[in-house]
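Here are some notes to read alongside the model, written for someone opening it for the first time. Take the points in any order.

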Amino acid sequence: MRRLALALAALALTAPGTASAFAKTDLTIRMSDGVGIAATYYVPDGAPPIGRWPSVLMLHGLGETRTTTRNAVGMSINSIAETQLVPQGYAVLTFDARGHGESGGLVSIDGPREIQDVRELVNWLGSQAGVNPDRIGAFGYSYGGGAVWRATAGGVPFAAIEVAATWTYLYAALAPQDLARSGVILGFWQSIAARAAPEVEPIVRDVLEGRNLGAVRAFAAQRSTRRLLGRIKVPTFLLQGRRDFAFDLGQAFGPFARLKVPKRLYIGDFGHPPSPLPPGELEHVLPETRLWFDRFLKGLPNGIDKRPRVELAPDPWTGRTFSYRALPARRTLSLGFAGTGTMIGYREKVARTGPRLRRRLETFGAPVLRVSLASSTGWPHVVAVLSAVTPQGKEVVVSAGGARTRLTRSPERVTIHMINQATAVPRRSRLRLTIAAASTAQSPGNLLYLSSVPQSAQLTVRFARITLPVLVRPISR
């Protein structure tokens, strides 16, 4: 009984009661280079608890602000702060990233200056009256998540982090196999072009045109965390979208496997297009993100770190999720798309459709396409789209990929590693493989790969085979 009483007393010291109101202050925080960062500072009402307030720094996506609601998580970071964190006893600092919204400066895509901003904002937050500087966490999605990863690897002393719909390896997200996902890149670029730092536009042009790729890789490496994951020593909650054509599941699978810290992975229907962002799912997952901070910033033994580490939501959202101790069991299908040799021109495509599936499938991982190609004219790159044609006639993109090529008259096997997704494929659907110069050949609305080939180019497509990872037990219907 005495031990129980001591435990309850310790819990009372670390867990302030739920605050019914809070103070909210909009302000400008001056960085060391003189640039003003627009921010909102929240502090719960009442006296700080013994040990002072835990706190969270929150970071938004590219081209957005702290009040943007149409984003990869479907809710502004100010709203998340006001509904999930501050009323539960957290001081919170949100801000418009450099070059965004009301902040000054220029955007260099989570470059050294932006990471220095994160460091200085953490220092500012830790210096506020009533805030415990040793119990500061970070939540960031997309662009903000990339900054949280890089800042943590760079030694910013967070006590726990949460990263959503983001990257650890930027080059692989933007130009896998050296071929730009031009639609993704152009969408991001248009959101910041007016306030981009001078060094960014040449990089964007180079990656879109496939030149100076060494410089592009160096630029991306400086903004990536894949090689620095061993430096991360804090509890990490990863949240990634099932179907996100900007930052796919592989961007979360890699760090989840390598991190040697308390960790958790949630996979759901949020993220960049074509993620549907069902509002009901946020009501489920946001309380879990707060529980993670409660455990590692407040020290509450709430069991979130004892649950199975992987949680997977079905598509569409049903209100129920499935939990696993590690990534769920998968099997690999090998699917052939036969052909004796089909020649196409620069605006044409090869589309081969398989038989009806006897049972529903749920892909989970990155398909790999091996295809025999030849060209007497030269064909500088090839794009492949794997789609499913449902019994109702709807065509759903399962995955896509592309690669640069150096083809000759002699057939050559080309391997394309496609986007890592979790896609539900209904029973009696037919899988279709489309091969062309651009993803728009599959559908005018598929804007993933937009680069063209010369008008004189011709391509011969022979046999193609895809290895497709699927869940042993599908969860979506």
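Helices (H or I, at least four residues) and strands (E, at least two) are DSSP runs, numbered from the N terminus. The model is a predicted one, where local features need pLDDT of at least 70 and side-chain atom pairs count only at pLDDT 80 or more, while totals for chains, interfaces and linings use all residues. Residues are numbered from 1 along each chain as its sequence is written, and side-chain values use heavy atoms, with hydrogens and water left out.

1. Let's start with Gly271. You'll find Gly271 in the loop between strand E8 (263-268) and helix H10 (279-298). Is Gly271 buried or exposed? With a relative accessible area of 4%, Gly271 is buried (buried means under 20% relative accessible area, exposed over 50%, partly exposed in between, with a 1.4 Å probe and protein chains only). Setting aside neighbours within four places in sequence, Gly271 is in contact with Ala72, Ala165, Asp244 and Leu277 (contact means heavy atoms within 4.5 Å). As for Pro469, 198 residues apart from Gly271 along the chain, the two C-alpha atoms are separated by 21 Å.

2. Another cis bond runs from Asp315 to Pro316, with omega near 5°. Pro316 sits in the loop between strand E9 (310-312) and strand E10 (322-324). For background, most residues other than glycine have a negative phi, and most peptide bonds are trans.

3. On to phi. Asn212 is not a glycine, yet has a positive phi of about 50°; look for Asn212 in the loop between helix H7 (200-209) and helix H8 (213-221). Arg428, not a glycine either, has a positive phi of about 70°. Arg428 is in the loop between strand E19 (424-425) and strand E20 (430-436), and counts as partly exposed because its relative accessibility is 40%.

4. Leaving aside neighbours within four places in sequence, the contacts of Asn420 include Asp248, Phe253 and Gly365.

5. Now the helix pairs. How do H7 and H8 cross? Their axes come within 9 Å and cross at roughly 125° (axes are lines fitted to C-alpha atoms, for helices over the stretch in contact, and angles run from 0 to 180 degrees between N-to-C directions). That makes H7 oblique to H8 (angles under 35 degrees count as roughly parallel, over 145 as roughly antiparallel, 65 to 115 as roughly perpendicular and the rest as oblique). Val200, Ile203, Asp206 and Val207 in H7 meet Leu213, Ala215, Val216 and Phe219 in H8. These residues divide into 7 nonpolar, no polar and 1 charged (Ala, Val, Leu, Ile, Met, Phe, Trp, Tyr, Cys and Pro count as nonpolar, Asp, Glu, Lys and Arg as charged, and the others, Gly among them, as polar).

6. Helix H2 (residues 77-85) meets H10, with axes that come within 10 Å and cross at roughly 70°. H2 and H10 are therefore roughly perpendicular to each other. Ile80, Gln84 and Leu85 of H2 make the contact with Leu286, Pro287, Arg290 and Phe293 of H10.

7. Helix H4 (residues 143-153) is mostly covered, with 11 of its 11 residues buried. Just after H4, Gly155 takes a positive phi of about 100°. The axes of helix H3 (residues 112-126) and H4 come within 10 Å and cross at roughly 75°, which makes H3 roughly perpendicular to H4. Glu114, Ile115 and Val118 in H3 meet Tyr143, Ala147, Arg150 and Ala151 in H4.

8. Finally, the cores. Which members of the largest nonpolar core touch the most other members? In this core of 89 residues, they are Leu57, Leu93 and Phe158 (a nonpolar core is a set of buried Ala, Val, Leu, Ile, Met, Phe, Trp, Tyr and Cys residues joined through side-chain atoms within 4.5 Å). A second, separate core of 34 residues includes Leu335, Phe337, Val371 and Ala384.
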